[in-house]
Structure formats: structure tokens, C-alpha cells
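Let's walk through this one together, starting inside one chain and ending where two chains meet. Have the sequence and the 3D view open as you read.

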Number of protein chains: 2
Amino acid sequence: MQSWPDRYARRANRMQASEIRELLKLLDQPDIISFAGGIPDAKLFPSEVFAEAYGEILSGEGAGAALQYSVSEGYLPLREWLAEHMAQIGVPCSPANIVITSGSQQALDYLGKLFLSPGDTALVTRPTYLGALQAFSAYEPRYDQLVPEGGNRTPSSYRQAAEAAGGRMAMAYLTPDFSNPSGETLNRAARERVLDLCTELDIPLIEDSAYQALRYDGEAMPAILAIDCERTGGIDDARTIYCGTFSKTLAPGLRVGWVCAARPVISKLVLMKQASDLHSPSINQIAIHRVAQACYEPHTAMLRENYHKRRDWVLEALAKEMPAGVSWTKPEGGMFIWVTLPEGLDGAALLERAVKTERVAFVPGKAFHADGGGANTIRLSFSLADEKAAKEGVARLGRVVKAALGGATG
Amino acid sequence: MQSWPDRYARRANRMQASEIRELLKLLDQPDIISFAGGIPDAKLFPSEVFAEAYGEILSGEGAGAALQYSVSEGYLPLREWLAEHMAQIGVPCSPANIVITSGSQQALDYLGKLFLSPGDTALVTRPTYLGALQAFSAYEPRYDQLVPEGGNRTPSSYRQAAEAAGGRMAMAYLTPDFSNPSGETLNRAARERVLDLCTELDIPLIEDSAYQALRYDGEAMPAILAIDCERTGGIDDARTIYCGTFSKTLAPGLRVGWVCAARPVISKLVLMKQASDLHSPSINQIAIHRVAQACYEPHTAMLRENYHKRRDWVLEALAKEMPAGVSWTKPEGGMFIWVTLPEGLDGAALLERAVKTERVAFVPGKAFHADGGGANTIRLSFSLADEKAAKEGVARLGRVVKAALGGATG
């Protein structure tokens with residue numbers, strides 16, 4: 001008979017450790033140039049504005065409320081600010097359409113918990129955000145591939161595959177803007193197409209908009225939720241569930257994100273929030289609200305200016321350093337460039353070699369594939385790259401790829 | 001065909017709204033004397049120490065790290081502080097035995113997610129903490145009654161009942177010190193007995209120690225995890241999983257709690273943490289660590305002095321005001337007194353009458369019963385009661401009970 005710590009592994013083995021976590025440790029080694037962590041640059045945080053916000057909160061009459069329990073749906077003035085923010089990006093809504101979560105990662109966990117029973121089908125792009133796969137996989141779904149650009153799958157072919165696997169079509173998930181990891185953005189036609197598919201399948205569409213505010217060039221695209229609201233006449237009839245976060249715009253360490261959706265969805269998420277951690281920290285919600293009021297627009301403009309340059313440095317270096325047969329995306333925003341290596345090269349093996357021989361790091365692409373494919377892809381983050389690191393790091397990467405190609409062919 | 005917002009209700013209907021949440025709104029009405037909310041008194045928070053902590057964190061070189069992503073297991077210096085704290089209460093352990101959670105509510109959610117498959121049996125006391133039932137119920141367990149004092153249930157009778165229901169024995173949960181809602185504390189023999197039972201059933205035992213630091217009199221009892229470590233020779237062989245929190249000692253609004261357990265359990269919880277919200281807010285963990293270092297002992301001593309008096313005021317008033325046939329617990333700590341009314345009286349109906357006629361509030365006991373019983377019980381919290389409110393509030397409550405008894409008999 002197994003002892004209990006072994007038996008519980010039956011359920012816990014669904015939970016897989018992120019390779020990224022191990023990779024982040026590499027950042028601590030000063031001679032490594034890392035394109036691995038998809039994290040914002042701490043030097044660009046509005047630290048002084050945060051210092052002022054926490055100082056005012058804790059010195060005033062509101063200190064008690066900031067340190068006390070609060071309501072599960074979140075701090076009302078922050079939800080009011082967010083309702084205005086959503087209206088500005090084309091989603092007319094009220095604070096009743098918003099629940100505060102601990103980062104958008106928590107929203108993904110709750111949405112998996114809400115929609116997925118074991119064997120149900122979740123549609124995800126290929127590649128897709130690793131953290132979404134981690135959150136959803138705890139609820140034991142089957143994955144099928146969402147192809148926003150079109151492809152030859154009909155709604156009934158999806159439905160038949162889901163039923164053949166013993167479950168039902170449960171939901172679709174995607175990142176329409178500057179996706180993590182691919183860096184790609186869906187055009188309006190693709191957004192319409194995904195919404196058509198979800199409508200025909202009668203399933204919710206989870207729109208992960210983590211990077212929405214970080215557009216450096218190209219034409220701004222409407223949120224899928226905005227298109228959905230136009231079509232249905234109002235958010236409370238929309239099937240799109242929009243997940244936002246302050247992690248990429250103000251700071252991730254406070255863990256403040258939000259979901260904007262139809263009221264029946266929000267009310268279920270509020271119950272989940274209550275059962276899972278009561279509410280997000282009161283003090284952080286108040287602080288984020290103050291900082292957003294004080295500097296959201298100018299601060300995100302400053303971030304765009306900085307990250308824009310970093311993207312360009314890395315793209316220029318890739319054009320210069322990469323051998324023939326290597327291709328990559330040209331993101332209009334966000335933090336990521338997705339590199340496809342010639343078939344036969346393995347991103348994980350390349351990372352091992354890259355760290356050992358050239359002291360450069362990135363994330364192998366396989367972990368972003370629900371189907372276990374993508375071995376010949378890697379993700380580069382440019383969010384921490386200054387001009388020198390971009391040039392030198394990509395030059396190192398170019399040498400590693402060339403050596404691997406030489407090894408593979410010679 | 002149902003639309004998708006109706007269909008998802010299939011899963012979401014497990015999540016039930018807490019009556020407590022509605023009741024908390026009553027606190028806003030100034031003429032209500034409320035014994036409802038089980039919340040600490042905001043006037044007793046160490047607000048100035050928190051102000052200093054946040055100020056230092058955000059003005060120093062560490063500001064970037066406090067606002068940045070951090071590791072899922074939690075801030076190492078805080079886990080080191082907690083390992084020492086656990087050693088002081090009889091649990092020798094290392095930081096590797098500790099994971100930081102967003103309050104102990106989140107620990108209960110993760111433990112439900114880890115151990116419970118639909119139909120599995122969770123043992124809980126009668127009554128038990130409402131928030132635990134909310135967290136566990138999302139994973140669709142069957143509940144059976146844990147009777148720490150003894151009773152006539154054998155391990156095999158539990159096992160047979162679990163198997164007859166189509167699941168397995170999965171875990172036991174209890175609050176050994178000054179339980180929410182009963183206020184009762186298990187003696188050493190009862191702790192040993194529960195551990196014996198869990199050992200015979202080969203299941204994990206979840207020890208919810210939210211109120212452990214708030215003992216006002218009586219003899220301190222060892223944590224069940226401490227007894228387990230003595231028996232097994234070390235925490236990594238223990239089956240007891242200890243859930244702690246700073247919510248009742250320093251402040252709940254930061255949402256910082258912890259789990260202390262065997263390393264194989266902690267490593268699974270760290271994966272859950274990563275998949276569900278990446279990590280608890282970096283800045284709050286650093287702030288709690290600073291405040292705990294600065295004032296944990298003297299601050300909790302001050303809290304004990306204050307809450308001790310409040311408990312006594314309410315107990316004295318109950319002895320004076322309650323009619324024959326009403327009984328209540330005499331807690332040695334914590335925040336709650338559990339009142340049993342004569343059979344036939346209904347706590348929920350009594351609350352309606354109490355708010356309407358006497359402007360006094362409490363929580364009906366039914367929600368704390370996994371089996372739907374306990375209609376004739378109510379929970380009183382004394383944490384917010386000053387001397388006048390205790391006397392006047394309990395006098396009002398006495399009149400309501402007497403009127404209800406009169407109505408019931410006459």
C-alpha cells in the first residue's frame with residue numbers, strides 16, 4: 001500500500017514545474033546575457049509614486065481599512081477606474097462587470113475551475129502562454145488547436161473531436177495582442193473569425209490582454225470583447241471574458257489584475273475569489289488605484305518608448321547575426337520575439353549549449369505547446385535588453401545556432 | 001439548448017455565497033451592535049509599524065525587488081522567520097517546510113485541490129469553519145463527521161462509508177485552538193486521538209491554526225503537527241499539514257499566511273501556487289517580515305490583553321442576560337463564542353428578528369454545518385466589542401431570545 005504522500009501524487013502530477021522558473025535563476029549570474037525571463041524592467045517601475053501612495057494610505061485615516069479584510073469583488077474606486085479604462089478601449093461597462101484578481105494568472109485559474117471538467121476540450125493556439133496551460137491543466141482538460149487565422153477546421157469537427165474524447169467543448173483561450181510567446185497580433189478579421197467560432201460552438205472566449213498597453217507601432221486593434229459588445233449590443237450578453245493586469249504597466253509585485261465580463265460571469269468569479277483567498281490585498285488595490293490615477297498614461301508612454309527601442313535593437317541584431325534557415329516574428333508590441341530554428345534543432349539542447357559555451361539564455365519553445373511539439377522554437381524576451389546586451393547577446397546566440405547547425409550537418 | 005452562461009452554472013453552483021458577507025454589510029449601520037464579523041479590530045493594527053516598513057522598503061535599494069515578480073514558495077527571510085516561529089511552538093523545521101500563501105484561506109483551497117476528487121470523503125467537525133467548506137466544496141467532496149472527543153466511529157466504519165459513496169477517504173480538517181465557530185479547544189488526548197485516526201486511515205490531517213497566538217487563559221496545547229513530529233521523528237515524515245496566518249495577529253489586509261508541512265507536500269503546494277497566482281505579493285511579504293521582526297511578540301501580547309477583556313465582558317453579559325435553556329462555550333482564546341439555543345429556535349429567523357427589533361447582529365450557525373444541521377445555533381464574535389457594546393448588545397440579544405422563546409411556547 002502506498003503511503004499518503006505518494007497517493008496524492010495521482011492528482012498533483014498534473015501540476016508541472018515551469019522550466020522558466022529554473023531559468024530565472026540564471027539571471028543572477030552576472031556574466032549571462034538573458035533573453036529568458038518575460039518580466040518588466042524593475043528600473044522602469046514608478047517606485048517613487050508607489051512610495052508616495054503607500055505613505056499616504058498608511059498615514060491617513062484610511063490606514064485601518066487598508067490593513068483590514070475587504071470585499072471579494074475588489075476595491076470599488078479601482079473597479080470604477082477600470083470601468084473607465086475599459087470604456088476607453090471600446091468596452092462600455094460598469095464596475096459590476098469587473099472583479100479584481102491577484103494578477104491575470106489567478107483569473108486563468110478561476111476560469112479553468114469554472115469551465116473545465118476532466119476530459120472537456122479547451123481550444124488554445126499553438127504556441128500558447130505556458131502559464132495558461134499550467135492553470136488549466138489542474139482541471140484535466142483535453143486541448144485542441146485554435147487557429148485564429150483560419151485553417152480548415154469546422155465547428156462540427158471540433159465538436160465531434162470533443163465528444164469522441166468523452167467531454168464537451170468548454171472554452172477557447174488566446175492572447176490577441178503581442179502574444180506570449182509568439183509576439184504576434186491578430187488582425188481584425190482573425191478576431192471576428194475566432195468570435196464567430198466561439199459563437200457557433202456556444203462557448204466562452206477568454207481574451208488574455210496582458211500586453212495590450214504596450215504597442216510600439218502598427219494600427220491599434222479593438223479588443224475582442226469590444227467587437228463582441230458591438231455585435232451583441234452590450235457587455236452583459238457578451239461571451240468574451242477579458243483578463244487584464246497591471247503587472248506589465250505599473251508593477252507585478254503587487255499582484256493586481258482584473259476580469260471584465262458579463263455580470264453572470266463576474267458573480268461566479270466573485271464566489272470563486274471568496275472561496276479561494278477571500279480578496280486580493282486591500283492595501284495593494286488602494287495603492288494601484290492611486291498610482292494609476294497619478295501616472296498611468298504618462299508612465300505607459302514612457303514604457304512604450306523604452307521597450308520600443310529594445311525591440312528594435314534585438315530585431316536589428318537578429319537580422320545581422322542569424323544564419324539562413326532561422327526565422328522570427330516582428331512584434332508590434334509586448335516583450336517577446338519567437339524564433340523558429342531549422343527542423344532538427346532542439347531548443348532545450350541549444351539552451352544547454354548556449355549557457356555553457358556563450359553565456360546567453362532564452363526559453364525553449366516546447367513548453368508553450370499543448371501538444372508537446374515546437375522543439376525547434378525558442379522565445380526571446382527583449383524587455384531587459386539594453387543596446388549593448390541586445391547586440392552582444394544576439395551575436396552570442398547567432399554563434400550558438402551556427403555551431404549547432406554545423407554540428408547537425410557536419 | 002442552454003446558452004453558455006447557464007451551462008457553466010453546472011460547475012459554479014457548487015460555490016455558495018457566504019451569509020457572512022451579507023451580514024458584514026450590517027456593520028456599516030451605526031445603530032447596529034454586531035457580533036457577526038469574525039474580524040480583528042482595525043484600531044489595534046500596528047499601522048505605524050506598517051507605515052515605517054513600507055516607507056523603508058520603497059525608499060531603499062530594494063524597491064525594485066519589492067515591486068517585481070518573485071518566487072512561488074515565498075520570500076526567504078519571511079520563511080526563515082516562520083521556521084523559527086514554528087520551532088518555538090514545538091515544530092523543528094526549515095524554510096523548505098514552508099510555503100507562503102495569500103491568507104490561510106488560500107491554503108485550504110490548495111489542499112482541497114490537492115487531495116479531493118469528486119466523491120472523496122473529507123472529515124470535518126460539526127460545526128466547522130464555513131470558509132473551509134466553501135474552499136473544499138469546489139472540489140465536490142462528500143463530508144463525514146470528525147469527532148475529536150471520541151465517539152463510536154471506527155476507522156473501518158469511516159472507510160466503508162467512503163467506499164459505499166463511491167470515493168475514498170481523502171483528508172481530515174480541524175481547528176484545534178479556539179475554533180471558528182465553536183470557540184472550543186481540543187485537549188491533548190483529543191489531539192492524539194485525531195492523529196491516531198488519520199494514521200489508521202492513512203490520510204493527511206489539515207490543522208488550521210488561525211487563532212493559535214490568541215490564548216487568554218488555560219494551558220497552552222501543543223500543535224498537532226508538534227505531536228506528529230515527536231511521534232514520527234521529524235516533520236518530513238509527518239502527515240499533519242499546519243496552516244497559519246498573520247491575519248489575526250498583524251493584519252489581514254496584506255493576505256499573508258503560510259503552510260508548514262513535510263517537504264513532499266510543500267513542493268506540490270509550490271506548484272499549485274505557481275499555477276494559480278505565481279506568488280503572493282512581494283511587497284507585502286517583505287512588509288510582514290519587517291513588522292513581525294519589529295513587534296510580533298509585544299503586539300500579540302497587547303492583542304491578547306484587549307481581546308481577553310472583550311471575551312470576559314461578553315461571557316459575563318451572557319450569564320446575566322440569557323434565559324434558561326440557552327448554553328454557550330467558554331473559549332480560552334480566539335474571537336468566538338458558540339451559543340446553542342433550545343431546539344425549535346432557528347438562528348436565521350432569530351437574526352431577522354434581532355436586526356429588526358433590537359438592532360443586534362450575529363451569524364446563524366447553520367452555515368457552519370456540512371450536514372445542513374445546526375439551525376438552533378448562533379456564533380457571536382467578541383473581537384469588536386467594547387464594554388458598553390458587550391453589555392448592551394447581549395442585553396438586546398437576551399430580549400430577542402426571550403421573545404422568540406415566548407413566541408415559540410405561547
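Two residues count as in contact if their C-beta atoms, placed from the backbone, lie within 7 Å. What you have here is a predicted model, where local features need pLDDT of at least 70, side-chain atom pairs count only at pLDDT 80 or more, and totals for chains, interfaces and linings use all residues. Residues are numbered from 1 along each chain as its sequence is written, and chains are lettered from A and ligands numbered from 1 in the order in which they are written.

Start with helix 11 of chain A, residues 224–232. Helices (H or I, at least four residues) and strands (E, at least two) are DSSP runs, numbered from the N terminus. In this helix A:Ile224, A:Leu225, A:Ala226, A:Ile227, A:Asp228 and A:Cys229 are buried, that is, 20 or more other C-beta atoms, placed from the backbone, lie within 10 Å of each one's own. Their cover includes helix 10 (188–201) along with strands 6 (205–208), 7 (240–245) and 8 (257–260) of chain A. Just past helix 11 of chain A, A:Gly233 takes a positive phi of about 95 degrees.

Now for the partner chain. Chain A and chain B each put 65 residues into their contact. On the chain A side, helix 12 gives the largest share, 9 residues. Of the interface residues of chain A, 100% are also interface residues in chain B, so the copies meet through the same surface.

How do the copies relate?

Note on methods: Buried ≥ 20, exposed ≤ 12 C-beta atoms within 10 Å, placed from the backbone.
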